[in-house]
Amino acid sequence: MYLVLLGPPGAGKGTQAKRLAEKLSLPHISTGDILRQQVKDGTDLGRQAKEIMEKGLLVPDELVAQMLDDRFNNPDIKKGFILDGYPRTLPQACSLDEILKAKGLAVDLVVYLDSSDEVIIKRLTGRQVCSKCGANFHVTNMPPKVKGVCDSCQGSLYQRSDDNETTVRKRLEVYKQQVASLIAYYKKVSKLQSLNADLGAEVVLEQIIDLSAQVK
Ligand code: AMP
């Protein structure tokens, strides 16, 4: 199952992708996570991406496409993946098709997680991420059992530098400029399914699992 999760920042793509990856035994590939790791490691790509990410803008398509192509060389994607944060633009959707085609693969399903701006801003400005395993928490909606500590691996929780209200609004604006063409692209090939992501995480997870079961 080659599944793409589409939706605004804060729609719960990361949370859903993690749970789906576990349930379906597939790798969770998040371009945001890979880029953050590159920044942390101080690689060439990380140095180029850092400032762009802090402003809430998009890292150039060709850099992200190359990074993803490298990631797809890992044999763990043989049975599928849960892709989160890519594509974000129409050229990226075309690149994804090309990269996969060259490996004899194709996207099976695109799930669009729709969410309202108010919910997104509340979710992201209160989000806390585990520095060790990447699990997501929320100060009020999904607090950890012990403040500042991950429930699963006891790693310390932090707030992403781009999860402040100004950058979140910029990220939403950037997202809205691009999403219509992506939706049209996947609708045209009948791969798109939309869900209301303002519903609880468990409900949304079940709905995605149902949709994926209908595909394969
Ligand atoms: P995310 O973790 O998906 O919210 O991504 C965090 C940031 O990483 C974004 O605001 C972008 O700056 C960058 N990023 C992640 N994925 C992409 C992508 N597919 N194309 C360009 N930039 C990306």
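**Note on the predicted model**

1. Leu90, Ala93, Cys94, Leu96 and Asp97 of H5 meet Ser181, Leu182, Tyr185 and Tyr186 of H7, where contact means heavy atoms within 4.5 Å and helices (H or I, at least four residues) and strands (E, at least two) are DSSP runs numbered from the N terminus. By class, this contact has seven nonpolar, one polar and one charged residues, with Ala, Val, Leu, Ile, Met, Phe, Trp, Tyr, Cys and Pro counted as nonpolar, Asp, Glu, Lys and Arg as charged, and the others, Gly among them, as polar.

2. This is a predicted model, in which local features need pLDDT of at least 70 and side-chain atom pairs count only at pLDDT 80 or more, while totals for chains, interfaces and linings use all residues. Residues are numbered from 1 along each chain as its sequence is written, and side-chain values use heavy atoms, with hydrogens and water left out.

3. The open sheet has five strands in the order E2-E3-E1-E4-E8, with parallel pairing (two strands pair if DSSP finds at least two bridges between them). Strands E2 (28–30) and E8 (192–196) stand at the edges with a single partner strand each, so one side of each is left without a neighbour in the sheet. E2 pairs with E3 (residues 81–84) over three bridges, and Ile29 stands opposite Leu83 in E3.

4. At the ligand, a nitrogen atom is 2.8 Å from an N or O atom in the side chain of Thr31, and a polar side-chain atom of Arg88 also lies 2.8 Å from a ligand nitrogen atom.

How values were computed:
A polar contact is a pair of N or O atoms within 3.5 Å; within protein, one must be able to donate a hydrogen and the other to accept it, and residues adjacent in sequence count only if both atoms are side-chain atoms.
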